[in-house]
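Have a look at the sequence and the structure first, and then read my notes beside them.

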Amino acid sequence: MKIAVCVKAVPDTEANIKVAGDASSIDLNGIKFVTSPFDEFAIEEAITLKEKQGGETTVISLGGAECTDVLRDSLARGIDTAIHVNDPDLVNLDPLTAAKVLAKVIKEGNFDLVLCGQQGVGGDNSQLPSILAELLDMPQATLVVKLEIADGKFKAEREIEGAHEIIEGSLPVVISAQKGLNEPRYPSIKGVMAARKKTIDVKNLDALGMKGTVGQDTRRAVIKKMMMPPERAQGKMIEGDADTQAKTLISLLKTEARVL
Amino acid sequence: MANGTLVFIEQRDGHIKKASLETLCQAKKLNNAGPVSAVIVGEKAKELAAQVQKYAPEKIYVLEGSEYSNYSTEAYADALDKAIKTADPKFVFAAHTAMAKDLIPRVAARFDAACISDVMEFQAENGCLNPVRPMYSGKCYGMYDIKSAIGFITIRPNVFALDAAQDAHQAPVEELKAEAKTPRAKVTSVHKAEGQKLELGEASIIVSGGRGIKGPENWNVLQDLCDAMGGALGASRAVVDAGWIDHQFQVGQTGKTVSPQLYIACGISGAIQHLAGMSSSKIIVAINKDKDAPIFKYANYGVVGDIFEILPKVTAEVKKMKEGQ
């Protein structure tokens, strides 16, 4: 089985985010990039499947220099090969444009299973897996918390509001991983050493035969302006003993905030 | 010429999602969205049309059949595709739910179109809708431009108000049929989750616990308040990662981003990734022993104290208030 995992390098979730001077991107000063947390579940699932059933695993990331460490981290955890799509035309993309490029790479690799995180932390679009499935003409299962693969078929458990859906279908398929799918492992020292020796296959749009066909001009959703959230008004501290605090709180929620 | 807005009305087991109706009402309030029609896909879509009539769309499209009895991405995508080709709208709206996250980007890709998820506001002007959505779980916001002939927009539940239901509205109902195909994947069964009845994203009140609850045996203190208020239980990442509660309860950047009317943070100090996930709540209450906890900077009402002492008293007050109503 050939497994592709799409990963994204994103600002660390502990980072303070500030809008940059151009008001259409974030200030990258001092920002540390990490593997998008949901992608870690996708990586772990790929490695576990390979360990149990054999096959080949490839991690694919689209972006600039920030992807290199993320790809090395995937290799250190046990992914076999890495592809880095890096081209000056591919910056500030919308999910559709990014998916068009990734779909090209995936088509060339003839994968049986495509794993992604359910959303790239930061952009928070939660769109890429479904778009990829459409462009690749594959079935899909998103927000997956349990996955079984056997005999060219898959069975996935998907998280919906207040319930889980069981989805069954045939490979190839695109799966998006939700927290709960597995416990991602940390890279071992041996893994880190081995990953250093591996070559990351860097491709630009020329290499993919896509130069001039995708880029900022082919975006369909464009960020016009970025803003910081409105400041929250100074709150009230409720004083007194526990009885008074409880009574005052409920009274304020009812009569002042009008939420009860 | 594409015109107007088509709203995808989500149903599960014959129940229409409230968030879909909120979406329909909001679309009608946007001058730039044009005439608003609705589409219902389901095993018994036709009989659900009456509920949608109450929110007065211009027209209702229905796609009905046993192929829609359980959700299937491919069958639902083909159904929505058919409705879009028939209605020829400029915008397609849906509530931002698990189904929409799965379905809408796929259909948008089919139309080579913009898809803008989890919209919380429209700053419409000069013929542009200017949808605004949180990024980095609400650490910042982005306003978007749509550069395709048709634009797909999903809307966060619980943010936009439902209008008063109208009784007399009778929009024409048109039944459509999508081309019959055998989907390569489909839902074979649905298991109701244990415990949580109300989903976090749909709850208007959330009572959330962090390390201050001291251990997994103490959730009942929060659950009692939840039950009294009719809210949903939430949790910080710290307690999810400690295994005190399942991840589906997690609020924050790697959990759910929520914007309820009331968010009560109990024993949560307020790590930045948690604050990102709940700071767009209308009213935030923080109850914490540590008066310097960062959560207090975000709270409309702060209570410094022991949650085990205060919460039962708050629960009793809520019960008293409800009995008095």
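This is a predicted model: local features need pLDDT of at least 70, side-chain atom pairs count only at pLDDT 80 or more; totals for chains, interfaces and linings use all residues.

1. Start with the open sheet, which has ten strands and mixed pairing. Follow the strands in this order: β11(A)-β5(A)-β4(A)-β1(A)-β6(A)-β10(A)-β7(A)-β8(A)-β9(A)-β13(B). The edges are held by β11 (200-203) of chain A and β13 (185-192) of chain B; each has a single partner strand, so one side of each is left without a neighbour in the sheet. On average, neighbouring strands of this sheet are turned by 30° against each other, direction ignored.

2. Now zoom in on one pair in that sheet. In chain A, β7 (residues 140-150) and β10 (residues 173-177) run in the parallel sense and are paired over three bridges. If you want a spot to look for, A:Gln140 stands opposite A:Val174 in β10(A).

3. Is B:Asp290 buried or exposed? Find this residue in the loop between β17 (283-288) and β18 (301-304) of chain B. B:Asp290 counts as exposed because 12 other C-beta atoms lie within 10 Å, and the cut-off for exposed is 12 or fewer. Its C-alpha atom is separated by 41 Å from that of B:Asp102, 188 residues apart along the chain.

4. Finally, chain B is assigned domain 1 (5-175) and domain 2 (200-324). Taken over C-alpha atoms, their centres are 31 Å apart. Where they meet, eleven residues of domain 1 are in contact with eleven residues of domain 2. The domain 1 side of this contact divides into six nonpolar, three polar and two charged residues.

Technical notes: Residues are numbered from 1 along each chain as its sequence is written. Chains are lettered from A and ligands numbered from 1 in the order in which they are written. Two strands pair if DSSP finds at least two bridges between them. Helices (H or I, at least four residues) and strands (E, at least two) are DSSP runs, numbered from the N terminus. Axes are lines fitted to C-alpha atoms, for helices over the stretch in contact, and angles run from 0 to 180 degrees between N-to-C directions. A residue is buried if 20 or more other C-beta atoms lie within 10 Å of its own, exposed if 12 or fewer, and partly exposed in between; C-beta atoms are placed from the backbone. Domain bounds come from an automatic or database domain assignment. Two residues are in contact if their C-beta atoms, placed from the backbone, lie within 7 Å. Ala, Val, Leu, Ile, Met, Phe, Trp, Tyr, Cys and Pro count as nonpolar, Asp, Glu, Lys and Arg as charged, and the others, Gly among them, as polar.
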